[in-house]
Amino acid sequence: MKIFEEANKKQVFKDSLTYWNSGKTQEWLDLGIDLIMGKREGYYFYDLEGKKLMDVHINGGTYSLGHRNKEVIEALVEGTTQCDMGNHHFPSVVKAALAKTVIEASPEGMTHVVYGSNGGEAIDLSLKCARNATGRRKIISVQNCYHGHTGLAVAAGSERFAKIFLADTTEEHNVKVPFNDLKAMEEALSKHDAACVIMETIPATYGFPLPEDGYLPGVKALCEKYGALYIADEVQTGLMRSGEMWAITTYGVIPDMIVTSKGFSGGIYPISAVIMNDRASQWMRCRAILRIHKALLMGSPMQFL
Ligand SMILES: Cc1ncc(COP(=O)(O)O)c(C=O)c1O
């Protein structure tokens, strides 16, 4: 089937307005932009009329390797001749190999990797790790930030989305501070009740402000002073987009966790990851959780609890 050649633009708009995201579709139409993506190739894509366009947005880093990167597709096709999702209870050849590769490409002190299927899910995982490691609930993030639409991520993000999904944004659980403001950060942390600070190294939805000299190392030092973890959301800034694997290390900071997604699969299949140090990953070595897993596997939870 030739999906793009056979597509009828009017019908795609009609179906999108009816069945998909009508608000977003209408917004584009109101702006006079009636673009539907067709064939994709490298750093270019075509509209349905065959007009070639350079993709300078690359979906926030999803297509850093270009659209439909040949090597990624070949690896995926080869992989599916032998593998599927596997069974989440058992160690896996490919999951272990990828985790090892990711740790080797990460700063010293990073020890474990946990996978998700998208950025939001990985952000939620990182926030849960921070809560487990510290026994604290409060999450400190940056005003107007975006970390995804999942439960904890949307609550940590801008009010714009948190409000419409009735996310828990009470002061007790979420505090938002201005970027590049160490005083506000210290005030938020000084109650010794924050599990973590989560920040993009260069916050995209804030308008891409660059961190001022000393700001990010200052935040890390404050996290250490007040016992909170530092989570670097590198969903957009990671994977060499800053010239180094992780933008955060270019500022001389080694966080407790790094979250990656988008370009992690070159936009070919959904996968994300949280890269963690020993402190953040302690729940993975918790014997109670291991016993529950074992019990579930044996089909008799109570016998192990
Ligand atoms: C910085 C950042 N974090 C997290 C996310 C959430 O990723 P996803 O849309 O895959 O859930 C995004 C998505 O745009 C993002 O830009």
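**Exercise 1. The ligand shell**

How do the residues of the shell around the ligand divide into nonpolar, polar and charged?

Solution. The model is a predicted one.
- Step 1: collect the shell. The ligand is surrounded by 14 residues, and the closest are Asn118, Gly119, Gly120, Gly148 and Val235.
- Step 2: sort them by class. Four are nonpolar, eight are polar and two are charged. Gly counts as polar in this scheme.
- Step 3: ask where they come from. Helix α5, residues 119-134, gives the largest share of the shell, with three residues.

**Exercise 2. Overall dimensions**

Compare the radius of gyration of the protein with that of a compact globule of 305 residues.

Solution. 
- Step 1: a compact globule with 305 residues would have a radius of gyration near 19 Å.
- Step 2: the protein has 21 Å, which agrees with that expectation.
- Step 3: Along the principal axes, the C-alpha atoms occupy roughly 60 × 50 × 40 Å.
- Step 4: Of the 305 residues, 33% count as buried. Taking contacts between residues at least 6 apart in sequence, 67% join residues at least 24 apart.

**Exercise 3. Two domains**

Into which domains is the protein divided, and where are their bounds?

Solution. 
- Step 1: domain 1 covers 9-72 and domain 2 covers 87-288.
- Step 2: the C-alpha centres of domain 1 and domain 2 lie 29 Å apart.
- Step 3: nine residues from domain 1 and ten residues from domain 2 make up the contact.
- Step 4: on the side of domain 1 that touches domain 2, three residues are nonpolar, six are polar and none is charged.

**Exercise 4. Strands β1, β2 and β3**

Trace the pairing of β1 with β2, then that of β2 with β3.

Solution. 
- Step 1: β1 (residues 37-41) pairs with β2 (residues 44-47) in the antiparallel sense, over three bridges. Within this pair, Met37 has Asp47 of β2 as its bridge partner.
- Step 2: look at the turn. Two residues separate β1 and β2 in their hairpin, and Gly42 in the turn has a positive phi of about 55 degrees.
- Step 3: β2 also pairs with β3 (residues 52-54), in the antiparallel sense and over three bridges. Here Phe45 is bridged to Leu53 of β3.
- Step 4: the hairpin of β2 and β3 has four residues between the strands, and Gly50 takes a positive phi near 95 degrees.

**Exercise 5. Ala96**

Is Ala96 buried or exposed?

Solution. 
- Step 1: Ala96 belongs to helix α4, residues 93-104.
- Step 2: count its neighbours. There are 11 other C-beta atoms within 10 Å of Ala96.
- Step 3: apply the cut-off. A residue with 12 or fewer counts as exposed, so Ala96 is exposed.
- Step 4: relate Ala96 to Val113. These residues are 17 residues apart along the chain, and their C-alpha atoms are separated by 9.1 Å.

Methods: Residues numbered from 1 in each chain as written. Predicted model: local features only at pLDDT ≥ 70, side-chain atom pairs only at ≥ 80, totals over all residues. Pairing = 2+ DSSP bridges. Near = placed C-beta within 6 Å. Rg over C-alpha atoms; globule rule 2.2 N^0.38 Å. Buried ≥ 20, exposed ≤ 12 C-beta atoms within 10 Å, placed from the backbone. Contact = placed C-beta atoms within 7 Å. Domains from an automatic or database assignment.
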